[in-house]
Amino acid sequence: MINFMRQYQLPNLKLKLILLYLLNLTDIIFTVFLLKTGVIIEANPLMAIILKSELYTFFIKGVLPALLFLYLYMRLKTASLHMVRLTNYCLLALLCFYLSINLLHLIWFICLPLFL
């Protein structure tokens, strides 16, 4: 696991981008399910507006990140070593952030029967 985090070769960064995208998708899926229970509300005011429309939600959390990650991956192919390392650190920070958000969602799912 430590080697995975330290390595910043292109195939490894590609895997980190895919993991980040999947965590992003699970975040929105968990959020939508939890919002439908009526027990929680969206903490992000901007996302609360976006979640009112399924089309906007799909675009903002599904299509837009995929396009941005694809663009980033293409740019990494010609990036300097310094930028590749910096990107690796940023991806690791984002992976930790989204892992914690998804963990909080899972905790909410476990606690949900207490509130219903």
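## Exercises on side-chain contacts

Asp 27 and Lys 61 are both buried, where buried means under 20% relative accessible area, exposed over 50% and partly exposed in between, with a 1.4 Å probe and protein chains only. The model is predicted, so local features need pLDDT of at least 70 and side-chain atom pairs pLDDT 80 or more, whereas totals for chains, interfaces and linings use all residues. Residues are numbered from 1 along each chain as its sequence is written, and side-chain values use heavy atoms, with hydrogens and water left out.

**Exercise 1.** Find the partner with which Asp 27 forms a salt bridge, and state which elements the pair joins.

*Solution.* Begin with the rule, which asks for a side-chain nitrogen of Lys or Arg within 4 Å of a carboxyl oxygen of Asp or Glu. By this rule the count comes to one salt bridge. Asp 27 forms a salt bridge with Lys 61, and their closest N and O atoms are 3.2 Å apart. Because Asp 27 lies in helix 2 and Lys 61 in helix 4 (residues 54-76), the pair ties together parts that are 34 residues apart in sequence.

**Exercise 2.** Classify the aromatic pair formed by Phe 30 and Phe 109.

*Solution.* Ring centres of Phe, Tyr or Trp (its six-membered ring) must lie within 6.5 Å; planes under 30 degrees apart count as stacked, over 60 as edge-to-face and the rest as tilted. The count comes to four aromatic pairs. Phe 30 and Phe 109 are 5.5 Å apart centre to centre with 70 degrees between the planes, an edge-to-face pair. Phe 30 lies in helix 2 and Phe 109 in helix 5, so the pair ties together parts that are 79 residues apart in sequence.

How values were computed
Helix = DSSP H or I, 4+ residues; strand = E, 2+ residues; numbered from the N terminus.
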